[in-house]
Amino acid sequence: MDAADWDAKYAGTELMWSLTPNQWVEEVVADLTPGRALDLAAGEGRNALWLAERGWQATAVDFSRVALERGAELAAQRLGPEASRFTIEEADLLTHRPEARAYDLVMVVYLQVNPQFRAIAMRAAADAVAPGGMLLVTAHDSDNLVDGFGGPPNAAVLYAAHDVVADIEGSGLDVVRAERVTRIVATDAGERRALDCLVVATRPRD
Ligand SMILES: C[S@@+](CC[C@H](N)C(=O)[O-])C[C@H]1O[C@@H](n2cnc3c(N)ncnc32)[C@H](O)[C@@H]1O
């Protein structure tokens, strides 16, 4: 899907994703000291907004202007005078190179793209992590196709933690978590099990 496809998808709904942050973002990041955060493929910004509410200076990057503008509206409503803690940047992650070693936290949450694109995006994300900072990647896991709920029904855009670890090899980050994790999703038909991959890596201080 290109930016126009995603814009159309977002325009067709009031809010595509939840207002609350992703479970793994909340779990991993809750105790970190606020600093500069970069949310790549941020969509409507639920994760970056949550961080901004907790005192982070958060930048949401996506190629869907519709999604980013919705995020900015939510920031104005939720952050009031502190809305400047949430900034948006329209960019295509295939070519975008964020400032290197500049962010205390870099997140990539459910960017489901083919392996070639994934490798480029993961390496750019890793390079943006500052000394002492953290990279958090979560995505629908490859096993979710046969064994889990939701996510794209396309094996080519699903991936496992070891794929991400391979992508960021040589970036100078230390991998602290690389695993498949289970998320419980409440549906009208009851609870369902979704399988995600989760990678957390940190850059040693200089
Ligand atoms: C499944 S949504 C996830 C949104 C958000 N991370 C969340 O968890 O709510 C995937 C997002 O990736 C964005 N995206 C896909 N390809 C992209 C690209 N090449 N450059 C920038 N954003 C892209 C889409 O616009 C969409 O907002």
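**Exercise 1: the sheet**

Start with β1 (residues 36-40) and β2 (residues 57-62): these strands run parallel and are joined by 5 bridges. Helices (H or I, at least four residues) and strands (E, at least two) are DSSP runs, numbered from the N terminus, and two strands pair if DSSP finds at least two bridges between them. This is a predicted model: local features need pLDDT of at least 70, side-chain atom pairs count only at pLDDT 80 or more, and totals for chains, interfaces and linings use all residues. Residues are numbered from 1 along each chain as its sequence is written.

Task: find the partner of Arg 36 in β2, then the strand order of the sheet.

Solution. Step one: Arg 36 has Gln 57 as its bridge partner in β2. Step two: 7 strands make an open sheet with mixed pairing, ordered β3-β2-β1-β4-β5-β7-β6. Step three: β3 (86-90) and β6 (174-187) are the edge strands, each pairing on one side only.

**Exercise 2: the ligand**

Task: which of the 18 residues around the ligand come nearest?

Solution. A residue counts as near if its C-beta atom, placed from the backbone, lies within 6 Å of the molecule. Trp 6, Ala 41, Gly 43, Phe 63 and Leu 93 come nearest.
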